[in-house]
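This report covers the sheet first.

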Amino acid sequence: MPFLELETSLPAAQLPPGLAGKLCSAAAAILSKPEERINVTVKSDLPMVVGGSAAPCAQLLVSSIAVVGTAEQNRGHSAKFFEFLTKELGLGADRILIRFYPLEPWQIGKKGTVMTFL
């Protein structure tokens, strides 16, 4: 059950239509998970500084069970997410950061319990 949180300083009007849905589809392909399990949040118009500069930028937080736990996994994911984000947001790779967080099943609540018991 991957969670993706995209934060950007870009104004909402500058984001491509349907960005959350496109990111959901891209994440499903990149992480080899069904779209029904992907959760996406997009936040725009945020005051942000990356590398000491307030120029337009974005950060993507990717957290999931089992698929973001190693450097090798994240290296491949990073390349594919960067390809998607630079294209969709029109930002250079130096203006985008990605943070990967592995999750354990007991850290995700669903249907009144946690994923460990589902």
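Two strands pair if DSSP finds at least two bridges between them. Helices (H or I, at least four residues) and strands (E, at least two) are DSSP runs, numbered from the N terminus. This is a predicted model, in which local features need pLDDT of at least 70, side-chain atom pairs count only at pLDDT 80 or more, and totals for chains, interfaces and linings use all residues. Residues are numbered from 1 along each chain as its sequence is written, and side-chain values use heavy atoms, with hydrogens and water left out.

**The sheet**

Strand β1 (residues 3–8) runs antiparallel to β3, joined by six bridges. Leu-4 has Val-62 of β3 as its bridge partner. Strand β3 (residues 58–65) also pairs with strand β4 (residues 96–103), in the parallel sense. Here Leu-61 is bridged to Arg-99 in β4.

| Strand pair | Sense | Bridges |
|---|---|---|
| β1 and β3 | antiparallel | six bridges |
| β3 and β4 | parallel | eight bridges |

The sheet is open, with four strands in the order β2-β1-β3-β4 and mixed pairing. β2 (39–43) and β4 each have a single partner strand, so one side of each lacks a neighbour in the sheet. From one strand to the next, the twist averages 10°.

**The helices**

β3, α2 and β4 build a right-handed β-α-β unit. Right-handed means that, with the strands pointing away from the viewer, the path from the first strand over the helix to the second runs clockwise.

Axes are lines fitted to C-alpha atoms, for helices over the stretch in contact; angles run from 0 to 180 degrees between N-to-C directions. Contact means heavy atoms within 4.5 Å. α1 lies across β1, β2 and β3, at about 135° to β2. α2 lies across β1, β3 and β4, at about 140° to β4.

Helix α1 (residues 19–31) packs on helix α2 (residues 71–89) at about 160°, with axes 10 Å apart. The two are therefore roughly antiparallel (angles over 145 degrees). In α1, the contact residues include Leu-23 and Ile-30; in α2, they include Phe-81 and Phe-84.

Methods:
Parallel < 35°, antiparallel > 145°, perpendicular 65-115°, else oblique.
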